[in-house]
Amino acid sequence: SKDWIAVRNEIMRCVAEDTAKQLGGRILLVPELITHDTERRLCAAAGDTASRFAEVLSFTRLTRSVAEYTAHAPESCMDNGGRVVAMAAAAGQIHSRLKFYAAVQTKPEFLTELVDAVDEFKRCCITPADLMKAAGETEGAFSQKLTELSLLLEAYDAICAHGKRDPRDQMNWLLEQLEDCDFAKEHVFYIDGFPDFTRQNMAILEHLIRHCPNVTVGLNCDALDSDALAFEKAADTAAQLYRFAKKEGIPVHLEVVSGRKDALAPMRDALFQGKLPSISQGVKAVKAESAWEEVTFAADQIRQLTSAGCRYRDIGVVCGDPAGYQHILQQVFHRYGIPLYLSGTEDILQKT
């Protein structure tokens, strides 16, 4: 569906129907950031006893659930500081074989960048052997850099194997455990809230698709392999899953979920691509020359709404750069006599 809320509601409806039939073993897999909100929505949709038949998990929580199922507790993982120290130790072990990365031990910021590179390699399931193979297919300085990255990653993995695990290897551990047990066969998965997946996560999904009785994936897109900018990532994910299931001979059912029909529907459809449509009911598009003019226009609209009986508590002002607009909002709203409550995220590094 092109309407992500419609997708979420349909997934939740399916889970609620299963719990109403007292069908157990249902897992709703969502991103970590929305697990709490999804748990609340599940209780609202399926009732207070929903937890007897369904549970909300992220990939991290799934790791813990599988660990409990197999009675194999995952090894503890290094924190960011430990990863930097491990990378420094890896560089020290192969220092004589390094040319481009010879100075890595003396530059902590360089070590941090290498750890970030390890993150990307592991998310994409790129091994030291893959890097060495790529080095053999190239020439010159780039080939040397790939060779050294391969050696660094190999040494880093060896250090992790004899100590605490790199946190990015948790998904590899999860896949290994799933392959050695019947967890997938005993559960039905509903997957929602992801625009795409890392290669590690995709490998886990492929396992679930092979072995689960049923896997439902909700994606916010208009068609498989869509070239629409707003849906490109999710559409590519849908196409990958579709092709994998077909290749494995697994039946696939594509269901298109109808979006909400309201005054904002045409704008939602064209918000990230093309020209915004002309909408007369409920929506007004205004172009301003500055942030000050934007805020002044918003304040004027709020005054009109409250004069017509609307309450301040029912009005929200949303801006893409809260820090840039905060001072202007405070000044203009004070002049208009409009009470202002500012809410948003703040960088913890700015706290004293």
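Colleague: What makes A90 in helix α4 count as part of a helix?

Modeller: A90 falls within residues 80-93, the span of helix α4, and helices here are DSSP runs marked H or I of at least four residues, while strands are runs marked E of at least two, numbered from the N terminus. This is a predicted model, in which local features need pLDDT of at least 70 and side-chain atom pairs count only at pLDDT 80 or more, whereas totals for chains, interfaces and linings use all residues. Residues are numbered from 1 along each chain as its sequence is written, and side-chain values use heavy atoms, with hydrogens and water left out.

Colleague: Why is A90 called buried?

Modeller: The relative accessible area of A90 is 0%, and a residue is buried when that value is under 20%, exposed when it is over 50%, and partly exposed in between, with a 1.4 Å probe and protein chains only. A90 is therefore buried.

Colleague: How do you know which residues A90 is in contact with, leaving aside its neighbours within four places in sequence?

Modeller: A contact needs heavy atoms within 4.5 Å, and by that rule, with those neighbours left aside, A90 is in contact with L152, A155, Y156 and I159. The C-alpha atoms of A90 and L153 are separated by 8.1 Å, although these residues are 63 apart along the chain.

Colleague: Is L178 buried or exposed, and what makes it so?

Modeller: L178 has a relative accessible area of 0%, so it is buried. L178 sits in helix α8, residues 170-179, and, apart from neighbours within four places in sequence, its contacts are V66, F183, I204 and H207. L151, which is 27 residues from L178 along the chain, has its C-alpha atom 30 Å from that of L178.

Colleague: Is L305 buried, exposed or partly exposed?

Modeller: L305, in helix α12 (residues 291-307), has a relative accessible area of 41%, which lies between the two limits, so L305 is partly exposed. Not counting residues up to four places away in sequence, L305 touches C310 and I315. G316 is 11 residues from L305 in sequence and 12 Å from it in space, C-alpha to C-alpha.

Colleague: What makes Q22 exposed?

Modeller: Q22 has a relative accessible area of 56%, which is over the limit of 50%, and therefore Q22 is exposed. Q22 lies in the loop between α1 (4-20) and β1 (26-29), and its phi is positive, about 60°, although Q22 is not a glycine.

Colleague: Why is C125 counted as partly exposed?

Modeller: Its relative accessibility of 34% falls between the limits, so C125 is partly exposed. C125 is placed in the loop between α5 (108-123) and α6 (128-136), and C125 too has a positive phi, near 60°, in a residue other than glycine.

Colleague: How do you know how many disulfides there are?

Modeller: A disulfide is a pair of cysteine sulfur atoms within 2.5 Å, and by this rule the count is 0. The sulfur of C14, for example, is 16 Å from the closest cysteine sulfur, in C212, which is too far for a bond. C77 is in no disulfide either, as the nearest cysteine sulfur, that of C160, is 9.3 Å away. With a relative accessible area of 26%, C77 is partly exposed.

Colleague: How does the radius of gyration of the protein stand against that of a compact globule of 352 residues?

Modeller: The radius of gyration is taken over C-alpha atoms, and the globule rule is 2.2 Å times the number of residues to the power 0.38. For 352 residues a compact globule would be near 20 Å, but the protein has 26 Å. Its C-alpha atoms fill a box of roughly 75 × 55 × 40 Å along the principal axes, and buried residues make up 36% of the 352 residues.
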